Amino acid sequence: MQPWRFVVVKDREVKRIIREAAEKEEHESYNNRMSDKWLRRLAPLGTDEHKPFLDVAPYLIVVFRITTVVEDSETEPTYYSQESVGIAVGILLAALHNMGLATLTHTPSPMKFLQEILGRPKNEIPFVLIPVGFPAEDAKVPDIERKPLKEILITI
Ligand SMILES: Cc1cc2nc3c(=O)[nH]c(=O)nc-3n(C[C@H](O)[C@H](O)[C@H](O)COP(=O)(O)O)c2cc1C
């Protein structure tokens, strides 16, 4: 059984509510939770607590990780759920990009508000929030350097 649930949000009002809740958490994060080191790392990217893409993007895909299931009337943990959901999200992002769509891997922290707004049960933990749409004509993408292959691949 796949230990994930994808919730696609296209309703404008629900997207607005998600943006408001995410910006409230991000305000707290940028002002009180993130270390100076972390903020210095983010500075060149120009990110801040404002997340307009959450109601500008036509669709939000909210991915939940399922932590437990009920089998034969017994509650059982799911196995390797972090790894499974990570792989599933990677394939989803690659498929969306292959279709010419733009995505943003967004992880407002904490993300519990998504569970409440979208009415998901306690065993479904928000994993990532992915706005999806065609890129805006004037979209700007930061030129983030990739490590050379020899740094990430070791052959023995
Ligand atoms: C697990 C994960 C969480 C991320 N969370 C955020 C986030 O909350 N906000 C943000 O602006 N970028 C976030 N990013 C970074 C961007 O989504 C994106 O990965 C980065 O801009 C590089 O994009 P590219 O790999 O398509 O070039 C996150 C990336 C990862 C891998």
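Mentor: Before we start, helices here are DSSP runs of H or I with at least four residues, strands are DSSP runs of E with at least two, and both are numbered from the N terminus. Keep in mind that this is a predicted model.

Trainee: What is the strand order in the open sheet of 4 strands?

Mentor: Work through the pairings. Strand 1 and strand 2 (residues 59-66) are joined antiparallel by 6 bridges, and strand 2 pairs antiparallel with strand 6 over 8 bridges. Strand 5 and strand 6 are antiparallel too, over 2 bridges. That open sheet, with its antiparallel pairing, has the order 1-2-6-5.

Trainee: Which residue is the bridge partner of Arg65 in strand 6?

Mentor: Let's walk across the sheet. Val7 stands opposite Val62 in strand 2, and Thr103 stands opposite Val132 in strand 6. For Arg65, the bridge partner in strand 6 is Ile125.

Trainee: Does Phe64 count as buried or exposed?

Mentor: Phe64 sits in strand 2. Beyond its neighbours within four places in sequence, Phe64 has contacts that include Trp4, Val7, Ile125 and Phe127. The cut-off for burial is 20 or more other C-beta atoms within 10 Å. Phe64 has 23 such neighbours, so it counts as buried.

Trainee: How many of the 10 residues of strand 6 are buried?

Mentor: For the background figure, 17% of the 156 residues of the protein count as buried. Strand 6, by contrast, is mostly covered. Its buried residues number 7.

Trainee: How far apart are the end C-alpha atoms of helix 4?

Mentor: Helix 4 covers residues 81-98, which makes 18 residues. At 1.5 Å a residue the helix should span 26 Å, and the model agrees with that. The end C-alpha atoms are apart by 25 Å.

Trainee: At about what angle does helix 4 run to strand 2?

Mentor: Helix 4 lies across strand 1, strand 2, strand 5 and strand 6 (124-133). After the helix comes Gly100, with a positive phi near 85°. The angle between helix 4 and strand 2 is about 160°.

Trainee: Which residue in the hairpin of strand 3 and strand 4 takes a positive phi?

Mentor: Strand 3 (residues 68-71) and strand 4 (residues 74-77) run antiparallel, joined by 4 bridges, and Val69 stands opposite Glu76 in strand 4. The hairpin has 2 residues between the strands. The one with a positive phi, near 50°, is Asp72.

Trainee: Last one. How many charged residues are in the shell around the ligand?

Mentor: The residues surrounding the ligand are Thr47, Leu104, Thr105, His106, Thr107, Pro108 and Ile144. By class, 3 are nonpolar and 4 are polar. As for charged residues, the shell has none.

Terms used
Residues are numbered from 1 along each chain as its sequence is written. This is a predicted model: local features need pLDDT of at least 70, side-chain atom pairs count only at pLDDT 80 or more; totals for chains, interfaces and linings use all residues. A residue is near a molecule or strand if its C-beta atom, placed from the backbone, lies within 6 Å of it. Ala, Val, Leu, Ile, Met, Phe, Trp, Tyr, Cys and Pro count as nonpolar, Asp, Glu, Lys and Arg as charged, and the others, Gly among them, as polar. A residue is buried if 20 or more other C-beta atoms lie within 10 Å of its own, exposed if 12 or fewer, and partly exposed in between; C-beta atoms are placed from the backbone. The expected span of a helix is 1.5 Å times one less than its number of residues. Two strands pair if DSSP finds at least two bridges between them. Two residues are in contact if their C-beta atoms, placed from the backbone, lie within 7 Å. Axes are lines fitted to C-alpha atoms, for helices over the stretch in contact, and angles run from 0 to 180 degrees between N-to-C directions.
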